Amino acid sequence: MKLFFASDIHGSQSATEKMLDAFEQSGAGKLILLGDILYHGPRNDLPDRYAPKQVIISLVPYADRILCVRGNCDAEVDQMVLPFPILADYAALFIDELSPRTVYVSHGHHPMPPLSPGDIWISGHTHIPLVEQGDVVHLNPGSVAIPKGGAAPSYMLYEGKTFTILDFEGNAINKWSAA
């Protein structure tokens, strides 16, 4: 099973195009969006090619392969124009090859949920790629549109018990393996 994680598109059509190209090239079965899809937010500058209507059009053909959680910039009005659910605050993924671990997915603007040692929490929100291992592994793919902290635009792939954060040139930024 291969999964593609991306966060914080913030209405950038150029970032959406790069993300969807990388998704197609990756061969992943699911595109997991960690929130902040259309709106850029009051604290962010307008991203490159800010065009939320175009982002909607670009995402529509992928609706049956998208799993999405709600970001702090996502609203009910956004759900009215997107053909896949975006308003869940979190999702729990049960991936056979990671069992008995739970993979908990949220945007990250709420506190980390109570998880068991060894579980995995994947979030966005900070726009900074992260691999942090403690009792719970915390992973963040960074932002595809508005990276922060000197990071490059990035996303994350899961395959074979390994999570790899990549930039859009295909360079691995960080990696964590459950093997």
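Guide: A helix crossing is right-handed if the near helix is turned clockwise from the far one by less than a right angle, and left-handed if anticlockwise. This is a predicted model, where local features need pLDDT of at least 70 and side-chain atom pairs pLDDT 80 or more, while totals for chains, interfaces and linings use all residues. Residues are numbered from 1 along each chain, and side-chain values use heavy atoms, without hydrogens and water.

Visitor: So is the crossing of helix 1 and helix 2 left-handed or right-handed?

Guide: Start with helix 1 (residues 13-26) and helix 2 (residues 52-59); their axes come within 9 Å and cross at roughly 20 degrees. (Helices, H or I with at least four residues, and strands, E with at least two, are DSSP runs numbered from the N terminus; axes are lines fitted to C-alpha atoms, and angles run from 0 to 180 degrees between N-to-C directions.) That makes the two helices roughly parallel, because this word covers angles under 35 degrees. As for the handedness, the crossing is right-handed.

Visitor: How many charged residues does the contact of helix 1 with helix 2 have?

Guide: Contact means heavy atoms within 4.5 Å. Helix 1 brings Gln13, Thr16, Met19 and Leu20, and helix 2 brings Gln54, Val55, Ser58 and Leu59. Count Ala, Val, Leu, Ile, Met, Phe, Trp, Tyr, Cys and Pro as nonpolar, Asp, Glu, Lys and Arg as charged, and the others, Gly among them, as polar. You then get four nonpolar residues, four polar ones, and for charged residues, none.

Visitor: Which strands stand at the edges of the six-strand sheet?

Guide: Strands pair if DSSP finds at least two bridges between them, and this open sheet has mixed pairing in the order 3-2-1-9-10-11.

Visitor: At about how many degrees does helix 1 run to strand 1?

Guide: Picture helix 1 lying across strand 1, strand 2 and strand 9. Its angle to strand 1 is about 170 degrees.

Visitor: Is Asn174 buried, partly exposed or exposed?

Guide: Asn174 is in strand 11 (residues 172-177), which pairs with strand 10 (residues 162-167) in the antiparallel sense over five bridges. Leaving out residues up to four places away in sequence, Asn174 touches Val131, Phe163, Thr164 and Ile165. Exposed would need over 50% relative accessible area. Asn174 has 34% relative accessibility, so it counts as partly exposed.

Visitor: Last one: how far apart in space are Asp89 and Gly71?

Guide: Asp89 is in the loop between helix 3 (76-79) and strand 4 (90-93). Not counting residues up to four places away in sequence, Asp89 touches Val69, Arg70, Val105, Ser106 and His107. Asp89 and Gly71 are 18 residues apart in sequence, and in space their C-alpha to C-alpha distance is 7.6 Å.

Definitions and conventions
Parallel < 35°, antiparallel > 145°, perpendicular 65-115°, else oblique. Buried < 20%, exposed > 50% of the residue type's maximum accessible area, 1.4 Å probe, protein only.
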